[in-house]
Amino acid sequence: MISPDRNGPLNLFTSRLEGITGAERQQAVAALQRAGLPTRRVEAWKYTALRALGQSSLSAPAALYDAKAARAVLDDVLSAQDSLASLPRLVFVNGRHAPELSVLPKAVTVTFFADTPRFGTAAAPDRDPLVALNTALAEDGAQIQVEAGVDGGALVLLSIGLGVQGSAFSFHPRHAVILASDARLELICVQAGQGAYFHNPVTDISVGSGAALEHVTLQLEGAEAVGLGTVYADVASEGVYDSFALGVDGLLLRHEVHARLGASRAAVHVNGVQRLGGSQVGDMTSVITHAAPDCISRQTVRNVLDGHARGVFQGKVLVEQIAQKTDGYQMNQALLLSPDAEIDAKPELEIYADDVRCSHGATVGALDDEQLFYLRSRGVPEAQARQILIEAFLDETLGLISHAGAQALCRAMLTRKGAAGESA
Amino acid sequence: MSQFLEISGLNARIDADGQEKQILRGVDLSIPPGEVHVIMGPNGSGKSTLSYVLAGRDDYEVTSGSVQFQGQDLLAMEPEERAAAGLFLAFQSPVELPGVNNANFLRTAINAVRRARGQEELDAVAFLKLAREAAKTLSMAPDMLKRNVNVGFSGGEKKRNEVLQMTLLQPTFAILDETDSGLDVDALRVVAEGVNRLRAPTFSALVITHHQKLLDYLVPDRIHVMAKGRIILSGGPELARQIDQEGYAKFLSEAA
């Protein structure tokens, strides 16, 4: 018996969870029935409620989609940063691969979960209920492999969500990225769409020794959509996982990263920016585990919150006893543009090694009146002056994105959001 | 005849830690077109407050009085409208803008003002040419255009950057609030020359200073002494030299 009180909104999926076959999926269903979907009584979800999923049962998406609307979303993303048009891309619509919109890469091997389902090992289904839900319901996803020593270049993974009036549905893509030793890849994940839907992707990442993955995720979901993504990244010796997440559009967004530094001299960057307004909620949660000595982790997250928006930052750095000489840095900063905006920040350091360097900090502030007056005294109108100072606040953090096209796309989407905010 | 700038009976106060403090107590001042006027006076007499009130900073509450600027009610205008109308304040402590590139800042400001004045905006190439030339004239290092606004600038570099902004924005009325403080003789001359280049029958300036030295390069038309929120004495250029030699005490006791 599933009760919303004990199992959270699991009842929205009741009919789809019945009669599921396959060992991994059945295990996931059992885990879900034990733990339910998270309520705010669960510590990791204290600041973020799943109420935004609504009351209606969420079905699987229809087999057919509006091809014109999908094309329009693709064109819109490419027009914001046209250098991306020349890159190979894997396009998914409502969670399913859309070959007619995709351009397959050459230096990289891509298979699809729909053809050869592989659940991977990092994302054990009972670790997180949303991952278990994904395991139970996943239909498709990209499995990207770069062979040893190969530079895979840049690849766009575009997930388009197309809400349908009067229909409530969810999709749970299962992606995997595997870089063999000394391989390289720049992966630009764009999650865009329109209307209402629930997008719950899980991405399983393995960075081999000496390999480097740059992973930029843009959450530009539909205005009524819920986007909750979980990333598991395992980094081997001297490997680098350099990630950046941008939260801009959607009713409720959460980007959750579990990064594990599994061998010495590995490095992870878990950076991000959230720019939210209206009644949006955006959540950046991360757990960085130092499980080997001499590893580096860096995290800079900046939030700009307007209207009644609420930002959540939960960042845990766990340094195991073996992880001597760990070098960890974490900083979360928020700019509140309205008296009703809110940031909930929960930094956590858990350190079992005795020879480490870990620093962390958090700040919250408003726009500086003196800076605003300085700009206005030079003739810059107030709205433009505010926009300049907001962009300045985010500038350094956006500069952490190495791929020029991805950085330009993030900046373009932020400028759009700013312009929309001023006209609202 | 309507003056270029006419300040009458200006009273203003600030709310400091919940306590209202009256700073300007009936300032009367007329500046005709084409003239450079100087305000001198002891610390705390209200000189900087006057400059902020004229530029439109809203921390100060104007309780009575009026300011007419070229036939317009200056106090009714937003700060950006005052800039577009031709007013420029060189800040005593120029504000740092981390994350804002100096060239972008200057171009944004120039084009905002040009737009408001009904002039065509400058494209990137035309702007850079203009800015580089102006920076060179002010003996500024070329990389100052590439750096963030005033971030990591020395005191002298910040003041030159103010004069650069003034040069590019082409005001008809400039207020220089202790732009000479902390400058060496060479920098002082550069600042003064920046103002002198703007001098024209249609340009006036109000210079706040403590020192005669700036006035050697920037020959003023009138000197005003401010104390306790009012102009207590006005005179010709010789008044500045007299203050430089004798201090304010004599004038303050005479006014009391």
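How many bridges join strand β9 of chain B to strand β10 of chain B, and do they run parallel or antiparallel? Point 4 has the answer.

1. Ground rules. This is a predicted model, where local features need pLDDT of at least 70 and side-chain atom pairs count only at pLDDT 80 or more, while totals for chains, interfaces and linings use all residues. Residues are numbered from 1 along each chain as its sequence is written, and chains are lettered from A and ligands numbered from 1 in the order in which they are written.

2. Start with chain A. Its domain assignment gives domain 1 (4-261) and domain 2 (367-424); such bounds come from an automatic or database assignment. The C-alpha centres of these two domains of chain A lie 29 Å apart. Their contact takes 15 residues from domain 1 of chain A and 13 residues from domain 2 of chain A (in contact: C-beta atoms, placed from the backbone, within 7 Å).

3. Now look at two helices of chain A. The axes of α6 (residues 369-377) and α7 (residues 382-398) come within 9 Å and cross at roughly 130 degrees. That makes α6(A) oblique to α7(A) (under 35 degrees is roughly parallel, over 145 roughly antiparallel, 65 to 115 roughly perpendicular, and the rest oblique). Axes are lines fitted to C-alpha atoms, for helices over the stretch in contact, with angles from 0 to 180 degrees between N-to-C directions. Helices (H or I, at least four residues) and strands (E, at least two) are DSSP runs, numbered from the N terminus. Among the residues that meet are A:Leu372 and A:Leu375 in α6(A), and A:Ile388 and A:Leu389 in α7(A).

4. Over to chain B. Here 6 strands form an open sheet with mixed pairing, in the order β6-β9-β10-β3-β11-β12 (two strands pair if DSSP finds at least two bridges between them). The edge strands of chain B are β6 (87-90) and β12 (230-235), each pairing on one side only. The twist averages 20 degrees from one strand to the next. As for the opening question, 5 bridges join β9 (residues 173-177) to β10 (residues 204-208) of chain B, and the two run parallel. Find B:Leu176 and you'll see B:Val207 of β10(B) opposite.

5. Finally, the helices on that sheet. Helix α5 (residues 155-169) of chain B lies across β6 and β9 of chain B, at about 170 degrees to β6(B). Helix α8 (residues 238-246) of chain B lies across β3 (36-40), β11 (222-227) and β12 of chain B, at about 25 degrees to β3(B).

How values were computed. Contact = placed C-beta atoms within 7 Å.
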